[in-house]
Amino acid sequence: MFFVGIYGFLTRRNLITILMSVEIILNSVNINFMAFNRYLFPNKLDGMFFSLFIIAVAAAEAAVAIAIIINIYRRFTTINVEDVNEMKF
Amino acid sequence: MINFTYTIWILLIPFLMFILLGLAGHKLKPRLSGLLGTGGLAIITLLSYITAYKYFFATPWTDETYKAITAANTVWLQLTDKLHIDLGVLLDPISVMMLVVVSTVSFMVHIYSIGYMKDEKGFERFFAFLSLFTFSMLGLVAATNIFQMYIFWELVGISSYLLIGFYYQKPSAVAASKKAFIVTRFADMGFLVGILILSFNTKTFDFITLTDPSGPAITHGGGAAFLGLSVMTWSMIFVYMGGVGKSAMFPFHIWLPDAMEGPTPVSALIHAATMVVAGVYLVARMFPIYVFSAPAALYVVAYVGAFSSLFAAIIACTQTDIKRVLAYSTMSQIGYMMLALGVSGYGGHEGLGFTASMFHLSTHAMFKALLFLCSGAIIHAVHSNYMTEMGGLRKYLPITHFTFLVACLTISGIPPFSGFFSKDEILAAAFDHNKFLFAVEYAVAGITAFYMFRLYFSIFWGRDAQYHHTPHEAPLTMTVPLIILAAGAAFAGFIPFNKLVTSNGQAFETEMEWVVAIPSVLIGLLGISVAWVMYKKTSDIPDRLASVFRYSYKWAYNKFYMDELYLFVTKKIIFRYISVPVAWFDRHIVDGTMNSIATITQVVSFRIRRFQSGQLQKYAFAFVSGTILLTILLIFLWR
């Protein structure tokens, strides 16, 4: 699932899809945390809390990212990353 | 013990005046700023006289010996536990004497400048600089330690630079000020080296400790030998080098004639009466060290002085610019003072040369300032510096004529004017110690009388030159200082210097040495009569003489080509063989390294700038692949 996310992140040209890939990566990390926490340290809750944190941060991050995407759309009238290439030398 | 703490104000008043006039001067009326500067100087002069009276007459001295008093002192820089640099006021016979001389002449020059500089642009700037100069000169005189002296020594150099370049629109004045500054700066480097060696050897800067005949500096001085002379001797020679530069002795004299580009009151104050005798004062200040630890350095002092006085006197005979004649005459007279110090011993009658030197220093300050101020009045009246364009001025400038005559008689050593007494003491001291130097100085005395009266006769007598308008006497502000200084020059000879200013602080008896006095008066009269014959009426004798001795005359007229020699040495040798390679090294090696670093960075960055494409996913790809690579590496290397 993690590498599915990475693959999507690198190959998709649509910013919304890239954002979705990022969410997939985060979710894969969450599941990993839960699994490892359950099997390696069943008496501790660190992994659980980490997952909760990630979910909260991911929500905020999604909001910010969508705001950025909207702004990019207003500026360039596209959400294709290859067309958004002004930041170069 | 009398409290002398108030002497600190002698230094502070001119400094405050400098700040006031320098910062707020342009807001004041010019006349007011002139009056302020002069008023400040009046207070200082008064304070100096009070100090002198209290020091010499009102303080109860044990054993009738004048001792040095530290009137005020603060530690300024603590270098190590023992070695520290102080700022303060030191009073002993020579510094008290110098305080009086400097403040008197400076006061006269201030009054004179009100008239002379009237309607000049930058009137208040001039007075600000004069105050700065007075401050630094007094600080130099009153220095408690050699480092303070060095600081004020440089300040004096700066104010001299500013005042020579006062007419900064004139290229020649700017060149002269730069020359004066660079030459004296170069000599001061020697002074600094001397100070460092001296303080390294003796572990102190303090004058009282240094010059105590039974103190560690003198008894444990000497140190290791280098090239046959002790380290102490070398350090004193280096210190003397600073004195040579400031006092315009050969070979660092070349700046003094050019310094005459400054306004005439400046020439009178700085380049005749006060700053240029700083070198003499320096040697006098360190005198016990010279006598006890470095007699070889004292020889150098004597011979440099003698040579400079002869050299300058000969040049003075051929110059036509009156200020330049006076400049060379100054150099010659300072040579006298140096020589007197050089032939002096310590204590009692042996120390006659020391007393004579200080005596001549103060009389010279009077009469040479007078001569310069007179020449200022003449230039003011005729608008020319060249004596070929003058003549018959005695009818137009009676007061200037009279005072100039007094000054000429004084410098020629005709009794009862003060120059007679001081010069006679110098000659007597030389006669006792070194017959050769005596002969040189004897000849110089005659030459001095000759060139001074050459100047006098060709300015005030002879045929009337063509003037643009009838010359008129200078205003009262200028003539009053002339008269006061003339009185000083005439009667200062009766001050009993042998009671007041001596090498060890104890009075000794002198009597007229008729063996020396009579011939010296005679040769003075001889010089005057030769000048009388040649210049009283316009005659062709000078021209004929000049053509007979064509080559030597030309040689002397061009100041023995010293300037050309300096230019040759600096331009052809130092510039070509030292500066050019150094400049090449700087441009190609030092700059080259820096430039090549910059070039390489630039080339490399042009190569790699393509990586920054703006494509977000390329960055992400690089980031992810990099992470994977690092992870693999870590996993495999960790094992």
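**Chain A**

I looked up the radius of gyration of chain A, taken over C-alpha atoms, in this predicted model, and noted 16 Å, whereas a compact globule of 89 residues would have one near 12 Å; the globule rule is 2.2 Å times the number of residues to the power 0.38. The C-alpha atoms of chain A fill a box of roughly 50 × 25 × 25 Å along the principal axes. I then noted that buried residues make up 6% of the 89 residues in chain A, where buried means that 20 or more other C-beta atoms, placed from the backbone, lie within 10 Å of a residue's own, exposed means 12 or fewer, and partly exposed lies in between. For secondary structure I found 3 helices and 0 strands in chain A, in the order α-α-α from the N terminus on; helices (H or I, at least four residues) and strands (E, at least two) are DSSP runs, numbered from the N terminus.

**How I read the model**

Residues are numbered from 1 along each chain as its sequence is written, while chains are lettered from A and ligands numbered from 1 in the order in which they are written. Because the model is predicted, local features need pLDDT of at least 70 and side-chain atom pairs count only at pLDDT 80 or more, but totals for chains, interfaces and linings use all residues.

**Strands 1 and 2 of chain B**

I saw that strand 1 (residues 69–78) of chain B and strand 2 of chain B run antiparallel and are joined by 8 bridges, where pairing requires that DSSP finds at least two bridges. A hairpin connects strand 1 of chain B to strand 2 of chain B through 5 residues. Opposite B:Ile85 in strand 2 of chain B I found B:Leu77, and opposite B:Asp86 I found B:Val75. Strand 2 (residues 84–91) of chain B has 6 of its 8 residues buried, so it is largely enclosed by the rest of the structure.

**Helices 14 and 15 of chain B**

I noted that the axes of helix 14 (residues 295–316) of chain B and helix 15 (residues 322–342) of chain B, which are lines fitted to C-alpha atoms over the stretch in contact, come within 7 Å and cross at roughly 155 degrees, with angles running from 0 to 180 degrees between N-to-C directions.
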